[in-house]
Amino acid sequence: MTTLSNSAISDRPFAEASSSGGEVADYFALLKPRVMALVIFTALVGMTVTPSHVNPVIGAISLLMIAVGAGASGCLNMWWDADVDAVMTRTRTRPIPAGRIQPGEALSFGLTLSVGSVLVLGLAANWLSAGLLAFTIVFYAVIYSMWLKRSTAQNIVIGGAAGALPPMIGQAVVTGSIGIEGTVLFLIIFVWTPPHFWALALVKAGEYARAGIPMMPNVAGPDSTRRQILAYSVLLAPLGLAPVFLGFGGLIYGLVGLVGGLAMVGLSVQVLRRREGEAANKAAMSLFGFSILYLFLLFSALLAEQGLGLFRPVFG
């Protein structure tokens with residue numbers, strides 16, 4: 001497997017000019033807005049399920065800074081992975097490989113937003129939440145992007161911690177501490193991440209191989225990946241119900257968690273069974289698509305119960 005060196009960026013046309021003159025939309029794209037939206041959403045749920053309350057202005061500023069920090073880490077990831085993005089179909093039109101933004105500009109932009117978001121969050125809320133945000137940025141941009149992604153097939157498993165931290169940051173904003181609610185939500189996202197990404201990796205294995213990224217299907221093989229997807233989904237199903245047993249997830253959440261967890265397992269079984277041709281790709285993409293819906297509905301149920309007063313306890 002050939003791994004592309006990050007230094008190869010300088011050999012491409014999109015790195016030749018000293019200034020790109022990119023538009024606002026290009027800089028916004030560097031922040032991975034869809035990931036930012038998920039971060040805002042999960043951080044908000046982390047704030048909402050906390051028994052305490054926060055001043056609305058501080059809460060709004062904190063959510064904005066968490067979003068900016070997430071965007072900054074995404075920007076740094078795009079800067080480092082520009083060589084990989086250039087050879088993959090789904091990423092080659094990103095601002096850096098497409099030549100709309102120069103690597104140096106993206107690096108400066110990402111570093112500025114990183115420092116600014118952490119400082120403002122610390123001043124507006126507390127330094128525990130700011131420290132967690134700083135850790136998230138460093139973990140994603142350095143530990144995951146610069147090391148894990150290109151060195152181990154466990155990149156998604158370990159690197160998933162970065163994407164799972166926003167609920168804990170949200171809770172820390174409100175309470176200045178990390179409680180059981182934020183920890184459980186962290187674990188749900190952490191365990192959800194491998195089956196979500198590996199389902200896509202099964203379909204995109206060829207592109208990852210050309211880019212030199214050791215994703216699980218390319219290292220352990222597609223059959224082993226399918227078994228691991230099912231194992232993680234089986235673990236996720238009961239874990240997704242943990243908030244019910246811990247008392248901060250109610251009837252609505254319980255129903256969503258039960259049906260959604262069973263559906264995750266069922267779709268994972270289909271991925272395991274359908275191993276050839278278009279049927280295999282269709283099964284993997286069905287799991288990938290549903291996994292996004294599952295996480296959204298799960299967290300939406302918590303938000304509705306805790307934020308809109310719809311909580312009805314399952315026990316007692």
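Guide: The model is predicted: local features need pLDDT of at least 70 and side-chain atom pairs 80 or more, while totals for chains, interfaces and linings use all residues. Numbering runs from 1 along each chain as its sequence is written, and side-chain values use heavy atoms, without hydrogens and water.

Visitor: What makes a residue part of the lining of the second largest pocket?

Guide: On a 1 Å grid over the protein atoms alone, a pocket is an open set of points with protein on both sides within 12 Å along at least five of seven lines, and a lining residue has an atom within 4 Å of a point. Here 14 residues line the pocket, with Met47, Thr48, Ser52, His53 and Val54 nearest its centre. Helices H2 (33–48) and H3 (56–80) each give two or more residues, helices being DSSP runs (H or I, at least four residues) numbered from the N terminus. H3 supplies the largest share, 4 residues.

Visitor: How many lining residues of this pocket are nonpolar, polar and charged?

Guide: The lining has 7 nonpolar, 7 polar and no charged residues. Ala, Val, Leu, Ile, Met, Phe, Trp, Tyr, Cys and Pro count as nonpolar, Asp, Glu, Lys and Arg as charged, and the others, Gly among them, as polar.

Visitor: Why is H3 called roughly parallel to H6?

Guide: H3 and H6 (residues 127–151) pack at about 20°, with axes 9 Å apart. Axes are lines fitted to C-alpha atoms over the stretch in contact, with angles from 0 to 180 degrees between N-to-C directions. Angles under 35 degrees count as roughly parallel and those over 145 as roughly antiparallel, with 65 to 115 roughly perpendicular and the rest oblique; H3 and H6 are therefore roughly parallel. Residues in contact (heavy atoms within 4.5 Å) include Met65 and Trp80 of H3 and Leu133 and Arg150 of H6. They divide into 11 nonpolar, 5 polar and 1 charged.

Visitor: How do you know whether H9 and H12 are roughly parallel or antiparallel?

Guide: The axes of H9 (residues 180–203) and H12 (residues 222–239) cross at roughly 150° and come within 9 Å, so the pair is roughly antiparallel. Their contact has 15 nonpolar, 3 polar and 1 charged residues.

Visitor: Which hand does the crossing of H2 and H15 have?

Guide: H2 passes H15 in a left-handed crossing: the near helix is turned anticlockwise from the far one by less than a right angle, clockwise being right-handed. The contact includes Phe41 of H2 and Phe299 of H15, and has 9 nonpolar, 5 polar and no charged residues.

Conventions: On a 1 Å grid over the protein atoms alone, a cavity is a set of points where a 1.4 Å probe fits but cannot get out, and a pocket is an open set with protein on both sides within 12 Å along at least five of seven lines; lining residues have an atom within 4 Å of a point.
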